[in-house]
Amino acid sequence: KNYILKNKKKSLNSYAKKPLRDEVSKAMKKYFKQLDQNNLPIDVYQLVLKEVELPLLNAVMEFSNYNQSKAAKILGINRTTLRTKLEKYKISE
């Protein structure tokens, strides 16, 4: 099967025309700009991971036509982990 991540020598961001990190950077700047400077956020790392996981899973499942094996390969996780996450978020075709 031909998967996008077949050539592991390429960076993960090299497949997109616009690197994902640019979009994340913009989103984080926007997030921090709208915060009240008197109340600094805590646990931003966990917040970002929690906020990103659901849309990431939805996008990958849609991209893979809900093929769990393909989606797991794209995400770089095993199918059992993917199934657990899909159940957690109640994602199904």
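**View 1. Helices α2 and α3 cross with right-handed geometry.** The model shown is predicted. Helix α2 covers residues 44–63, and helix α3 covers residues 68–75. Their axes lie 9 Å apart. The two helices pack at an angle of about 125 degrees. That angle makes α2 oblique to α3.

**View 2. Residues of α2 and α3 that form the contact.** From α2 come L56, L57, V60, M61 and F63. From α3 come Q68, A71, I74 and L75. Eight of the contact residues are nonpolar. One is polar, and none is charged.

**View 3. The whole protein has four helices and zero strands.** Starting at the N terminus, the order of elements is α-α-α-α. The protein has 93 residues, and 14% of them are buried. Contacts between residues at least 6 apart in sequence can be split by separation: 37% of them join residues at least 24 apart.

**View 4. Confidence over the protein and in residues 1–5.** The average pLDDT of the protein is 87. A score of at least 70 is reached by 83% of the residues. Residues 1–5 have a pLDDT below 50. Beyond near neighbours in sequence, the stretch makes eight contacts in the model.

Key:
Residues numbered from 1 in each chain as written. Predicted model: local features only at pLDDT ≥ 70, side-chain atom pairs only at ≥ 80, totals over all residues. Heavy atoms only, no water. Axes fitted to C-alpha atoms, helices over the stretch in contact; angles between N-to-C directions. Parallel < 35°, antiparallel > 145°, perpendicular 65-115°, else oblique. Left-handed = near helix turned anticlockwise from the far one by under 90°. Contact = heavy atoms within 4.5 Å. Nonpolar A, V, L, I, M, F, W, Y, C, P; charged D, E, K, R; others polar. pLDDT = per-residue confidence, 0-100. Buried < 20%, exposed > 50% of the residue type's maximum accessible area, 1.4 Å probe, protein only.
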